[in-house]
Amino acid sequence: MACTVRIASPLRSYTGGAATVPAEGATVAEVLADLERRYAGMRFRMIDEQDRIRPHIRLFAGSREVRVLGEAIGRENVLHVICALSGG
Amino acid sequence: MRRQMESLRMADTVWIGTRKGAFALRPDARRRTYRLIGPQFLGHIIHHIVADPRDPKSLLMAAKTGHLGPTVFRSTDRGRIWVEATQPPAFRKAADGETPKAVTRVFWLTPGHPSEPGCWYAGTSPAGLFRSDDGGARWEPVAGFNDHPMHPKWAPSLATPDGELLHSILVDPRDRLHQYLAISIGGVFESTDGGRDWAPLNEGVAADFMPDPNVPFGHDPHCVVMHPLHPDRLYQQNHCGIYRIDRPSRRWVRIGEAMPKSIGDVGFPVVLDAADPDVAWVLPMDGTKVWPRTSIRGRPAVYATRNSGRSWRRLDRGLPPANAWFTVLRQAMCADRRSSPSLYFGTTAGEVWVGTNGGANWRRVAQHLPEIYSVTVAA
């Protein structure tokens with residue numbers, strides 16, 4: 001399933017500066033795996049070695065926040081990668 | 001991720017890792033002026049930048065950002081182009097019932113033994129030991145330490161608010177299988193079989209903060225160094241004093257007892273003279289009451305011993321005489337390998353100071369940088 005991934009600015013060094021990239025996958029895990037194939041090293045910056053979303057990363061499938069990587073991308077076919085940082 | 005930077009010649013380059021990026025200082029031929037280069041990786045948290053003494057063109061950098069997970073960048077052209085590790089340090093997947101562990105930061109980098117080109121070690125938080133055999137591209141957990149049956153007791157996760165730190169990975173230049181590492185908080189540990197098994201090495205070290213100060217581990221080594229020409233001699237700047245050990249003894253001697261009582265022997269870094277195992281430098285900080293960890297009474301000074309810790313001499317000529325309340329972290333002080341070495345330290349206030357002639361004369365060579373985490377000089 002084709003979808004669109006909106007990339008937060010801290011990760012655009014992997015996408016050559018692109019804010020939006022295409023990816024394939026029916027679940028968030030599949031989309032992240034496809035992103036890793038296209039942009040090596042990107043997944044580990046978002047997801048730790050225990051497959052947990054890192055503390056300052058938020059993923060939204062459409063408007064629904066994703067908590068588990070096995071969740072479906074959904075009908076909107078958009079995955080938003082949000083970087084949520086506090087402090088100076 | 002591949003990034004290209006301004007060309008840097010590594011010889012004499014002073015690499016500076018900060019909370020907001022990497023910088024370098026290049027001296028002129030007479031080392032009178034230093035040119036600041038950078039920032040590189042602006043906004044990244046750079047814990048350590050280390051040159052490879054076996055391959056002068058190679059460097060590794062431990063990095064992360066506030067948002068993103070930890071990684072390692074490597075350069076094989078003296079810091080001009082940096083390439084991200086294809087497999088950064090990461091713990092193995094937790095088995096059912098195990099507490100899952102994830103690397104939150106790569107804190108320390110150490111080149112491997114001269115007989116093993118391409119071998120590097122990394123220390124992380126939570127306390128993990130990792131090894132690369134391809135110049136830092138792919139990292140594997142050192143199971144002998146990370147999965148040691150005693151690991152949960154040696155390094156109980158989140159023993160300190162920021163998590164414990166594995167640092168001061170030392171490889172005996174005479175024997176690649178003989179290694180040390182330190183955990184803050186956890187103590188010093190030794191392996192004689194290339195990292196398959198480890199044992200605590202903390203006898204004689206105070207642990208005043210523990211309910212029982214006479215414990216085999218649980219100490220807080222801030223920095224441990226091995227003399228390159230006399231690897232049986234190690235120095236340690238600990239939360240609870242300055243120590244020396246001469247192996248095969250298993251007992252550390254508190255050489256900080258010879259420091260002036262008004263100064264004490266608390267600090268982060270300890271630095272050695274590569275040519276003389278009796279020479280060491282420390283930079284004391286305020287460890288009284290609530291532990292400000294600033295310069296003592298706002299008057300920073302380096303202290304040097306030339307007799308392996310029997311006596312210490314204050315070196316503060318050129319340093320601020322008052323109202324300088326900075327801290328120098330454990331990776332933020334080093335010495336070059338010249339016959340009359342220059343010392344370098346970086347402060348949490350973003351200043352870099354050079355102490356020529358073994359720290360006899362100090363001058364500031366950079367200021368207004370972000371909080372400095374590490375200062376290293378290329379061999």
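1. Basis. Residues are numbered from 1 along each chain as its sequence is written, and chains are lettered from A in the order in which they are written. In this predicted model, local features need pLDDT of at least 70, side-chain atom pairs count only at pLDDT 80 or more, and totals for chains, interfaces and linings use all residues.

2. Chain A, overall. Chain A has two helices and five strands (DSSP runs numbered from the N terminus: helices are H or I of at least four residues, strands E of at least two). Their order along the sequence is β-β-α-α-β-β-β. The C-alpha trace spans about 40 × 25 × 25 Å along its principal axes. The radius of gyration of chain A is 12 Å, which agrees with the value near 12 Å for a compact globule of 88 residues (taken over C-alpha atoms; the rule is 2.2 Å times the number of residues to the power 0.38).

3. Helix α1 of chain A. Val28(A), Val31(A), Leu32(A) and Leu35(A) of helix α1 (residues 28-38) are buried (20 or more other C-beta atoms within 10 Å of the residue's own, with C-beta atoms placed from the backbone; 12 or fewer is exposed, in between partly exposed). They lie on the same side of α1(A), because they cover an arc of only 100° around the axis (the arc of the directions from the helix axis to the C-beta atoms). The buried residues of α1(A) pack against β1, β2, α2, β3, β4 and β5 of chain A (contact means C-beta atoms, placed from the backbone, within 7 Å). Over chain A, 30% of the 88 residues are buried.

4. Chain B, overall. Chain B contains three helices and 29 strands. Of its 379 residues, 51% count as buried. Its C-alpha atoms fill a box of roughly 60 × 50 × 40 Å along the principal axes.

5. A sheet in chain B. Four strands form an open sheet in the order β4-β3-β2-β29, with antiparallel pairing (a pair needs at least two DSSP bridges). Strands β4 (34-40) and β29 (372-377) of chain B stand at the edges with a single partner strand each, so one side of each is left without a neighbour in the sheet. Within the sheet, β2 (residues 14-18) and β3 (residues 21-27) of chain B pair over five bridges; Ile16(B) has Phe23(B) in β3(B) as its bridge partner.

6. The A-B contact. Chain B contributes 16 residues and chain A 16 residues. On the side of chain B that touches chain A, eight residues are nonpolar, six polar and two charged (nonpolar: Ala, Val, Leu, Ile, Met, Phe, Trp, Tyr, Cys and Pro; charged: Asp, Glu, Lys and Arg; polar: the others, Gly among them).

How values were computed
Contact = placed C-beta atoms within 7 Å.
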